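Please read them with the structure open.

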Amino acid sequence: MGKKLLGTNYPVSICFIVVNEFCERFSYYGMKALLTLYFLNYLKWDKDLSTAVYHAFSGLCYFTPILGAFIADSWLGKYKTIIYLSIVYVIGHVVKSVGAIPTVGSTELHIALSMSGLILIALGTGGIKPCVAAFGGDQFGEEHVKRQKFFSIFYMSINAGSFLSTIITPILRGDVQCFGGDCYALAFGVPAALMVVALVVFIAGSSLYKRTPPQGNILWEVCNCIGFALKNRWNKSKHDSPRQHWLDWAEEKYSMRLIQEIKMVLRVLVLYIPLPMFWALFDQQSSQIIAVLHPFCVPSQEAGEIVPHKIEDVKANNVHIAYQIPQYILITAGEVMFSITGLEFSYSQAPANMKSVLQAGWLLTVAFGNVIVLIVAEGAGLEQWIEFLLFACLLLGVCIIFSIMAHFYTYVDPEEMDKLYLENSVREEDDSDFKKKNNEIQLNKTGKSTRM
């Protein structure tokens, strides 16, 4: 557990975590890069349905972190949660790959296998997502600077995995032919193999990890505390004197430490409310743009022949595709700064027993971003350029709102708070011991005087 990387002061355990994250992100983004085209070309869905299912899947992947965080912090711990849900993740990839084999059953079976695989993948990737980042942060203890650098390295592995996969898997789909057409089965099978590698690598480092045991059903306790505070405030606010914070109404039943920890988490979650708009704009790169660039000649295979369903004579565009490069560079730079900061901030501002919960809260911003896309993009029926402009204007407004909110946010050091509560509890124990001894002395004195 105390082993360090050669030439550095970093724990060796982070190597296994970083490699695991690289392979897992290669697996996820490699599969996801083909989803829209898979829906359009293989399952023969239209653009609207393909985009809707894509964003529904993306949203589900970022709602399930709540489940993973609950299991990790309350029941199994981060290590076991990562392993068990990674197995679910692998099964989902295998099912998805089998669904992409044309000779396996009918179209209905392909759809059933594909949707089942996607649900399992969403459960696996979402469930481990808050745990892996928090588990990596746990390896550093109170070493804040090293932990901040780790999150940068961690996010670099995410981007490296996603970048390579989005290049490699489309090549596997288009350049490798199988079953008389594009090889979706191979293109989905390679991400499945990388997920197996991710699981094996993570297990290989098990003897080196620093593990934090689960703290009991903390999420349930938090919900009960909030419910009791609201109920108590409603029943007694008319008669009792006002409290400084609405959660203070739970003091009669719950400890001050738990109340303060919930306050910390809620303050951060409130700060996250405007952030889904960033992801609503960012995640359209993978669905709306691909759907726009989808080829106008959509072939299908009938009796061994390629039959075009629709052919349009489109004039050449006089705007060079290279003009998109600056936009992609700016969006990527913004996403890197946004995500790394969010990961580290979510970890540093969370109490020890709620690290995964707050990581899940951060990931929920991505989920709600995809929900916004589903509502606006699919419900409003706007033209593409109007839609992009609308999201850009909304994000500008959100930036202003978030800047004002961030200005009034006060940083908290959970570890300092832990030390303070520890000192206070020691003092309280000492005071109670002193009072107990003092009472015993008084009783002894009283006993002597009575006998005399």
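1. In which loop does T64 lie? T64 sits between α3 (47-63) and α4. Bear in mind throughout that this is a predicted model. T64 counts as buried, because its relative accessibility is 11% and the cut-off for buried is under 20%. Leaving aside residues up to four places away in sequence, T64 touches A122, L123, G126 and G127.

2. Now the overall make-up. The protein chain comes to 16 helices and four strands. Of its 452 residues, 44% are buried. Take the contacts in the chain with a separation of 6 or more: residues 24 or more positions apart account for 77% of them.

3. The UniProt record deserves a check against the model. Its entry is unreviewed, and its "transmembrane region" annotation covers residues 52-71, 83-105, 111-132, 153-172, 184-205, 264-282, 357-377 and 389-412. I looked at two of these spans. Residues 153-172 are 100% helix and 0% strand, with end C-alpha atoms 28 Å apart. Residues 184-205 are 95% helix and 0% strand, and their end C-alpha atoms lie 33 Å apart.

4. Helix α7 runs over residues 144-175. Does its length agree or disagree with what 1.5 Å a residue gives? It agrees: the 32 residues should span 46 Å, and the end C-alpha atoms are 47 Å apart. Note also the bend in α7, about 25° at S165.

5. Helix α9 (residues 218-236) has 19 residues. From first C-alpha to last it reaches 26 Å, close to the expected 27 Å. Its buried residues are I218, V222, C225, A229 and N232. They lie on the same side of α9, because they cover an arc of only 100° around the axis. W220, K231 and W234 are exposed, on the face turned away from that buried side. What covers the buried residues of α9? The cover includes α4 (65-76) and α10.

6. Y272 is worth a look. It is found in the loop between α10 (256-271) and α11 (276-282). Y272 has a relative accessible area of 4%, so it is buried. Which residues does Y272 touch, not counting those up to four places away in sequence? They are G342, F345, S346, G361, W362 and T365. Y272 and F402 are 130 residues apart in sequence, yet 8.4 Å apart in space, C-alpha to C-alpha.

7. Next, the charged pairs. Side chains of opposite charge can pair when their charged atoms come close. A search of the whole structure finds seven salt bridges.

8. D182 and R173 meet through their side chains in a salt bridge, at 2.8 Å from N to O. Are the two partners buried or exposed? D182 is partly exposed, because its relative accessible area is 33%. R173, at 15% relative accessibility, counts as buried.

9. D248 forms a salt bridge with K263, and the closest N and O atoms are 2.8 Å apart. D248 lies in the loop between α9 and α10, and K263 in helix α10, so the pair ties together parts that are 15 residues apart in sequence. D248 counts as buried at 8% relative accessibility. K263 counts as buried as well, at 14%.

10. Salt bridges that share partners join E21, E24 and R25 into one network. Within it, R25 forms a salt bridge with E21, with the closest N and O atoms 4.0 Å apart. The cut-off for a salt bridge is within 4 Å, so please check this pair by eye. R25 and E21 are four residues apart in helix α1 (residues 13-32), so about one helical turn separates them. R25 counts as buried at 3% relative accessibility. E21 is buried too, with a relative accessible area of 7%.

Definitions and conventions. Residues numbered from 1 in each chain as written. Predicted model: local features only at pLDDT ≥ 70, side-chain atom pairs only at ≥ 80, totals over all residues. Heavy atoms only, no water. Helix = DSSP H or I, 4+ residues; strand = E, 2+ residues; numbered from the N terminus. Buried < 20%, exposed > 50% of the residue type's maximum accessible area, 1.4 Å probe, protein only. Contact = heavy atoms within 4.5 Å. Expected span 1.5 Å × (residues − 1). Bend = angle between axes of the 7 residues up to and from the residue. UniProt positions renumbered as here; feature names shortened; annotations may be inferred. Arc of directions from axis to C-beta.
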